[in-house]
Amino acid sequence: MTERETYSMEVEVPYYFVNFTGDIRLSALIDIMLLTSEKQLHQADADSTEMVMNNGLGWVVVQYHMDINQMPRLGQKLKVTTQATSYNKYFFYRDFWVEDMDGNVMVKAQSAFVLIDIKERKIVSAADRLENKFGAEEVNRIQRFTRLRVPDEYDFKQPQHIGYYNIDVNKHVNNSYYFDWMVDTLDADYIANHHLKTMDIKYEKELNLESEPLLFAKMNSENNTSTHWIKNGDVLNVVAQLGWEDK
């Protein structure tokens, strides 16, 4: 069995990555993780830039699960590591973890990606397109993530504008913007008095510049979870559940 390869990089959390509490924003944390995977993929000429320019293809994340022991803080030095774990005909699975400089694991995440033909907007086989799979295991099964359901009722609803800066090279809204939009539906006092502990998200349908999305949120105070979803008309674009704990 081929040994799974890891790729790590060290970063220091700058002030423009954190919110008013000094914790790193969830969107910035995701961006750091994705940058780590991009750098590993670059070694095989399979990062987003290479895939778009040379093949007309783009990496698209479809699902994340994240467990947070401690949210990174302003000025903290981190070691961010990624590893491609397995793949099948269409899905490519990748893990991430974030450590402090003493080796304590602060964050763990699992993810599922697909490759799309940007012009045709169709999924293509990642297994057939990648020569270097970084030691990932070929599997027939589909990795199961938390099943997310949209609640029947909501506490919050508002329209969301999409600007040019929200659109990435895959011609759709970059996935990290969804996190900022979702967290913004929560009260500032709630953010100030809670830590994020878990995150699950599933991307159902991409948003583009012509979309007119509506944001929804529902809080469950009994188990400190918030459910967030975005719809464009009658189409569900994304659904997420955030788990919180009191500070």
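Predicted model: local features only at pLDDT ≥ 70, side-chain atom pairs only at ≥ 80, totals over all residues.
Residues are numbered from 1 along each chain as its sequence is written, and side-chain values use heavy atoms, with hydrogens and water left out.

Let's start inside. A nonpolar core here is a set of buried Ala, Val, Leu, Ile, Met, Phe, Trp, Tyr and Cys residues joined through side-chain atoms within 4.5 Å. Buried means under 20% relative accessible area, exposed means over 50%, and partly exposed covers what lies in between (1.4 Å probe, protein chains only). The largest core has 57 residues, and M33, Y64, M66, M199 and I201 touch the most other members. Helix 1 gives this core its largest share, eight residues. A second, separate core holds seven residues, including V62, A112, V114 and I116. Helices (H or I, at least four residues) and strands (E, at least two) are DSSP runs, numbered from the N terminus.

Contact means heavy atoms within 4.5 Å. Leaving aside neighbours within four places in sequence, M66 has contacts that include L26, L29, I30, M33, V107 and M199.

Next comes helix 4, which spans residues 175-183 and contains F179. In this helix N175, S176, Y178, F179, W181 and M182 are buried. These buried residues pack against helix 1, strand 2, strand 9 (194-203), strand 10 (213-220), strand 11 (225-232) and strand 12 (235-246). F179 itself has a relative accessible area of 2% and is therefore buried. Not counting residues up to four places away in sequence, F179 touches L26, S27, I30, Y64, M199, I201 and Y203. F179 and A240 are 61 residues apart in sequence, yet their C-alpha atoms are 9.1 Å apart in space.

Side chains of opposite charge can pair when their charged atoms come close. A salt bridge is counted when a side-chain nitrogen of Lys or Arg is within 4 Å of a carboxyl oxygen of Asp or Glu. The whole structure has five salt bridges. In one of them, the side chains of D180 and R25 meet at 3.7 Å, N to O. D180 lies in helix 4 and R25 in the loop between strand 1 and helix 1, so this pair ties together parts that are 155 residues apart in sequence. D180 is partly exposed at 25% relative accessibility, and R25 is partly exposed at 26%.

Another bridge joins the side chains of D23 and R73, at 2.8 Å from N to O. D23 lies in the loop between strand 1 and helix 1 and R73 in the loop between strand 2 (57-68) and strand 3, so the pair links parts that are 50 residues apart in sequence. D23 is buried at 7% relative accessible area, whereas R73 is partly exposed at 35%. A further bridge connects E204 with K202, whose closest N and O atoms are 3.9 Å apart. E204 is partly exposed at 42% relative accessibility, and K202 is partly exposed at 33%.

Strand 3 (residues 77-87) contains Q83. With a relative accessible area of 15%, Q83 is buried. Not counting residues up to four places away in sequence, Q83 touches R4, E5, T6, Y93, R94, D95 and W97.

Now for a backbone detail. Most residues other than glycine have a negative phi. N224 is not a glycine, but has a positive phi of about 55°. N224 sits in the loop between strand 10 and strand 11, and is buried at 17% relative accessibility.

Finally, the surface and the record. Y15 lies in the loop between strand 1 (6-12) and helix 1 (26-42), and is exposed at 64% relative accessibility. Y15, Y16 and L74 form a nonpolar surface patch with about 400 Å² of accessible area together. Patches are made of residues with over 30% relative accessible area and no salt bridge, with like charges joined within 9 Å and nonpolar side chains (Val, Leu, Ile, Met, Phe, Trp, Tyr) within 5 Å. Accessible areas come from the Shrake-Rupley method with a 1.4 Å probe, and for residues only the protein chains shown count as cover.

In an unreviewed entry, UniProt lists residues 156-240 as "domain: Acyl-ACP thioesterase-like C-terminal". UniProt positions are given in the numbering used here, feature names are shortened, and annotations may be inferred rather than shown by experiment. The end C-alpha atoms of residues 156-240 lie 14 Å apart, and the span is 16% helix and 42% strand.
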